[in-house]
Amino acid sequence: MLELFTDPYFLALLGAALAVGLAGIGSAKGVGLVGEASAGLLAEDPSKFGRALVLQAIPGTQGIYGLVVALMIFFNSAPDMAMVDGVRYFAAGLAIAIAGYGSAIRQGRVAAAGIGLIAKRPDMLGRAIASAALVETYAIFAVLMFLCVKFPGGAEEERALAAVLISLLIVFL
């Protein structure tokens, strides 16, 4: 069983699975948080459905990022790939997995607070969206890190390690 972790193709696919799985779970949690907040708002004022839906959709983007990264890893991996490539793709997948999971949940909390804002001040939807969009920045950083790792300009092992370290920093900031 442990020999799987010395197979570069397995490492790449594991990175892809983590990217789509964890980012998807984070998005589901974030969207769910906003959905719960929206239910209370819509029970009082069904006319605010469109505004609430916009805020509810925002945390779902991290799941999309995870899927895109996973597909890019999947279609660029091969059973005969070099170990450094397997590690590189694993690290890149891990970066989006961790950042996507954490930022989607936190974005859901911010968007849920935005539901409370538009309940009292419907004209503040733009500000509620802007607040939630700021959290998105960290998921975008992870996607950019993936692109740096996917298209390296030099020392690949260092870039792979940097991807893991930066993703951990993003989550704990």
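Trainee: Which residue's side chain meets that of Lys 48 in a salt bridge?
Mentor: Keep in mind that this is a predicted model. Side chains of opposite charge can pair when their charged atoms come close. Here the N to O distance is 3.5 Å, and the cut-off is 4 Å, so the pair counts as a salt bridge. The partner of Lys 48 is Asp 45.

Trainee: How far apart are the closest N and O atoms of Arg 88 and Asp 85?
Mentor: Both residues sit in helix α4, which covers residues 83–120. They are three residues apart there, so about one helical turn separates them. Arg 88 is buried, at 7% relative accessible area. In the salt bridge between Arg 88 and Asp 85, the closest N and O atoms are apart by 2.5 Å.

Trainee: What about Arg 121 and Asp 123: which relative accessibility does Asp 123 have?
Mentor: The side chains of these two form a salt bridge as well, at 3.6 Å from N to O. Arg 121 is partly exposed, with 41% relative accessibility. Asp 123 counts as exposed, and its relative accessibility is 59%.

Trainee: Zooming out, how many helices does the chain have?
Mentor: There are zero strands in the chain. From the N terminus on, its elements run α-α-α-α-α-α. That makes the number of helices six.

Trainee: How are α3 and α4 oriented to each other, roughly parallel or antiparallel?
Mentor: The axes of α4 and α3 (residues 61–76) come within 9 Å and cross at roughly 170°. Angles over 145 degrees count as roughly antiparallel, so α3 and α4 are roughly antiparallel.

Trainee: And how many charged residues take part in the contact of α3 with α4?
Mentor: On the α3 side you'll find Tyr 65, Gly 66 and Val 69, among others, while α4 brings residues including Tyr 89, Gly 93 and Ile 96. The contact residues divide into six nonpolar and eight polar. As for charged ones, there are none.

Trainee: What share of the 173 residues in the chain is buried?
Mentor: The chain exposes about 8700 Å², with carbon and sulfur atoms supplying 72% of that area. Residues count as buried when under 20% relative accessible area. Their share of the chain is 40%.

Key
Residues are numbered from 1 along each chain as its sequence is written. This is a predicted model: local features need pLDDT of at least 70, side-chain atom pairs count only at pLDDT 80 or more; totals for chains, interfaces and linings use all residues. Side-chain values use heavy atoms; hydrogens and water are left out. Helices (H or I, at least four residues) and strands (E, at least two) are DSSP runs, numbered from the N terminus. Buried means under 20% relative accessible area, exposed over 50%, partly exposed in between (1.4 Å probe, protein chains only). Accessible areas come from the Shrake-Rupley method with a 1.4 Å probe; for residues, only the protein chains shown count as cover. Axes are lines fitted to C-alpha atoms, for helices over the stretch in contact, and angles run from 0 to 180 degrees between N-to-C directions. Angles under 35 degrees count as roughly parallel, over 145 as roughly antiparallel, 65 to 115 as roughly perpendicular and the rest as oblique. Contact means heavy atoms within 4.5 Å. Ala, Val, Leu, Ile, Met, Phe, Trp, Tyr, Cys and Pro count as nonpolar, Asp, Glu, Lys and Arg as charged, and the others, Gly among them, as polar.
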